[in-house]
Amino acid sequence: AFAVDKYGVKFLKHPDTGKDFAEREAIPMLDELRDLARRAARDIYLTRLASLDACLDAGGRWRLIEINLFSQTIRFSQYVGRPFFGRFTQEVIDYCRQQPSR
């Protein structure tokens with residue numbers, strides 16, 4: 001497991017904490033973070049893609065910082081060799097193929 005910065009520099013450990021990304025708890029309370037993201041996504045209408053920024057506060061709770069609806073990048077998924085849309089990749093490809101050319 002590893003992380004990358006916006007320039008594609010690979011990190012095996014967190015650059016500030018030294019936490020090894022290969023450890024099971026590299027992202028603490030990951031299930032809670034996923035739940036937060038799902039709850040936020042349920043309230044976002046009329047958009048096809050939203051990027052959520054979150055942080056773990058001093059009290060150990062995940063907090064949503066901002067929701068980005070424009071200017072996302074697929075760069076980070078590409079750096080780790082995963083499809084950006086995961087299991088929905090084929091669905092997105094099929095949708096795009098059905099749309100008229102502009």
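Does L46 count as buried, partly exposed or exposed, and at what relative accessibility? Hold on to that one while I get us set up.

What we have here is a predicted model, so to speak: local features need pLDDT of at least 70, side-chain atom pairs count only at pLDDT 80 or more, and totals for chains, interfaces and linings use all residues. With 90% relative accessibility, L46 counts as exposed (buried means under 20% relative accessible area, exposed over 50%, partly exposed in between, with a 1.4 Å probe and protein chains only). L46 is in the loop between α1 and β3 (helices, H or I, have at least four residues and strands, E, at least two; both are DSSP runs numbered from the N terminus). L46 also has a positive phi of about 60°, although it isn't a glycine. As background, most residues other than glycine have a negative phi.

M29 is another non-glycine with a positive phi, about 50°. You'll find M29 in the loop between β2 (10-11) and α1, and it is partly exposed at 30% relative accessibility.

Now the strands. β3 (residues 51-56) and β4 pair in the antiparallel sense over 6 bridges (strands pair if DSSP finds at least two bridges between them). S51 stands opposite N68 in β4. The two strands, β3 and β4, form a hairpin with 5 residues between them, and G60 in the turn has a positive phi of about 80°.

Staying with β4 (residues 62-68), that's where L64 is found. L64 is partly exposed, at 33% relative accessible area. Together with I67, L69 and F70, L64 makes a nonpolar surface patch of about 380 Å². Patch residues have over 30% relative accessible area and no salt bridge; like charges are joined within 9 Å, and nonpolar side chains (Val, Leu, Ile, Met, Phe, Trp, Tyr) within 5 Å. A salt bridge there is a side-chain nitrogen of Lys or Arg within 4 Å of a carboxyl oxygen of Asp or Glu, and the areas come from the Shrake-Rupley method with a 1.4 Å probe, where for residues only the protein chains shown count as cover.

Last stop, the rings. The structure holds 1 aromatic pair. The ring centres of F84 and F85 are 4.9 Å apart with their planes at 85°, so the pair is edge-to-face (rings of Phe, Tyr and Trp, its six-membered ring, pair with centres within 6.5 Å; planes under 30 degrees apart are stacked, over 60 edge-to-face, the rest tilted). F84 is partly exposed at 29%, and F85 is partly exposed at 33%.

How values were computed: Residues numbered from 1 in each chain as written. Heavy atoms only, no water.
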